[in-house]
Amino acid sequence: MTPRRIVIVSRIFAPEPAAASFRLRALARGLTEAGAQVTVLTTRPPAGTVIEPESYSVRRWPVLRDRFDYVRGIVQYLSFDVPVLFRLLVTRADLVVSEPPPTTGIAVLVSSWLRGRPYVWYAPDIWTTAAEKMEVAAPVKRAMRVMETLAARRAAGVLTVSEAMGRELQSVTGVAWEKVLVAENGIDTEVFRPDGPVADPGDPYFVYAGSMSEWQGADVFVRAMPRVLEAHPDARLRFFGRGSDIDRVQEIAERLAPGRVLFEGLRPAAETAEWTRGAVAALGAVLPGIGYDFTKPTKIYAAAACGTPVLYAGAGVAAELVRDNGLGAAVDHDADAVAEAMIAALDRRLDPALAEDNERERRRRAAWAAENASLAASGRLAAEWLLQGFPD
């Protein structure tokens, strides 16, 4: 039977600003356009968030959040997962799509087994791999691996955002490759686009927009700032987002470049796009050699879609993406290498003789993103695959 009633389960959903939110919204819209009846089971967003109506049903549940208003941590996860297990038992569906964490995957697995219906595991990240590189207790790591393996292997199908990510999941969990569909990651090119309002605070600035986790090493940009300020005293570094590493990054910023590194918190996507358009470059990083070189941070696509050059610190497929498509510069995850690249970007941006060339490159990057990084196109591809139907 071709599934028509699709339920998407996620602890985070639009309008909360996160890659998962917009990726899942694109999927929901793609399914709806294809004629499916879509229901999203998610959480209530932080107070003050403006929720725009959608053409599908979104059912929100109160949940525990951390001090950054994020649903992160075992207690916070379970405050969503336990109720959603019972919500799923009384929700009619032909197919359920589960977003991580693995605890949510287990809730979906159990409810799907009890209701006798298939589910799909959506894997934009490999939690087991990430946990191995973090200060997490060994029993928690083992439990994470077991849950993620069960969620992936018991699923009727697995969605992921790149072939490298899918191969990593296959390596970690043993999931059959025949069950995997790669729907490349991307960005909402209706929001992140080259035209539109541009932030202009008066000083040239770099923008880091997105998560700050231990495995990303965003502090490398802060460590580069003293050298950058020697060459360009008016330069600023602006962080938009949150993450488990933010306290450490803030401490380093206060010590090395007080008043020059600004933490703006979470902002709506449209506002983040304004700051990205006006930036000298958009920054992204992943610590190399820790088993996470297969990721392609959404930051890269967001910057390119705005026409803004990318400065990426790290190795692997993200660095190749930047270099191969002329999206900016990819350098070692090293403060000196990053500082040189930041200074070069400032020199280029502030040189009047290069204004016409910079504008031409801005349009070229945006055109590449529109053709290769449309989240709407990715959502339609995933929706088409889901609606083919799965065996019980």
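**The crossing of H5 and H6**

In this predicted model, begin by selecting helix H5, residues 138-153, together with helix H6, residues 163-173. The crossing of H5 and H6 is left-handed. Their axes lie 9 Å apart, and the packing angle is about 115 degrees. Because angles of 65 to 115 degrees count as roughly perpendicular, H5 and H6 are described as roughly perpendicular to each other.

Next, display the side chains at this contact. On H5, select Arg 145, Glu 148, Thr 149, Ala 152 and Arg 153; on H6, select Leu 169, Val 172 and Thr 173. Colouring by residue class shows three nonpolar, two polar and three charged residues in the contact of H5 with H6.

**The pair H7 and H8**

Move on to helix H7, residues 219-231, and helix H8, residues 246-256. Here the axes are again 9 Å apart, but the angle is about 0 degrees. H7 and H8 are therefore roughly parallel to each other.

Which residues of H7 meet H8? Select Asp 219, Val 222, Arg 223 and Pro 226 in H7; their counterparts in H8 are Arg 248, Val 249, Ile 252, Ala 253 and Leu 256. By class, the contact of H7 with H8 comprises six nonpolar and three charged residues, with no polar ones.

**The second largest pocket**

Turn now to the second largest pocket, which holds about 710 Å³ of space. To centre the view, select Pro 15, Glu 16, Thr 49, Val 50 and Pro 268, which lie nearest the pocket centre among its 30 lining residues. Then highlight helix H1 (19-33), strand S3 (57-61) and helix H9 (269-278), each of which supplies at least two residues of the lining. Which element gives the most to this lining? That element is H1, with three residues. Coloured by class, the lining of the second largest pocket shows 17 nonpolar, two polar and eleven charged residues.

**Two cis peptide bonds**

Remain at Pro 15, one of the residues nearest the pocket centre. Most peptide bonds are trans. The bond joining Ala 14 and Pro 15, however, is cis, with omega about 15 degrees. Pro 15 is found in the loop between strand S1 (5-9) and H1.

Finally, select Pro 100 and Pro 101. The peptide bond from Pro 100 to Pro 101 is cis, and its omega is near 15 degrees. To place Pro 101, display strand S4 (95-98) and helix H3 (102-115): Pro 101 is found in the loop between them.

Methods: Residues numbered from 1 in each chain as written. Predicted model: local features only at pLDDT ≥ 70, side-chain atom pairs only at ≥ 80, totals over all residues. Heavy atoms only, no water. Axes fitted to C-alpha atoms, helices over the stretch in contact; angles between N-to-C directions. Helix = DSSP H or I, 4+ residues; strand = E, 2+ residues; numbered from the N terminus. Parallel < 35°, antiparallel > 145°, perpendicular 65-115°, else oblique. Left-handed = near helix turned anticlockwise from the far one by under 90°. Contact = heavy atoms within 4.5 Å. Nonpolar A, V, L, I, M, F, W, Y, C, P; charged D, E, K, R; others polar. 1 Å grid on protein atoms, 1.4 Å probe; cavity = no way out; pocket = protein on both sides within 12 Å on 5 of 7 lines; lining within 4 Å. Points joined across faces, edges and corners; volume = space filled by probe spheres on them.
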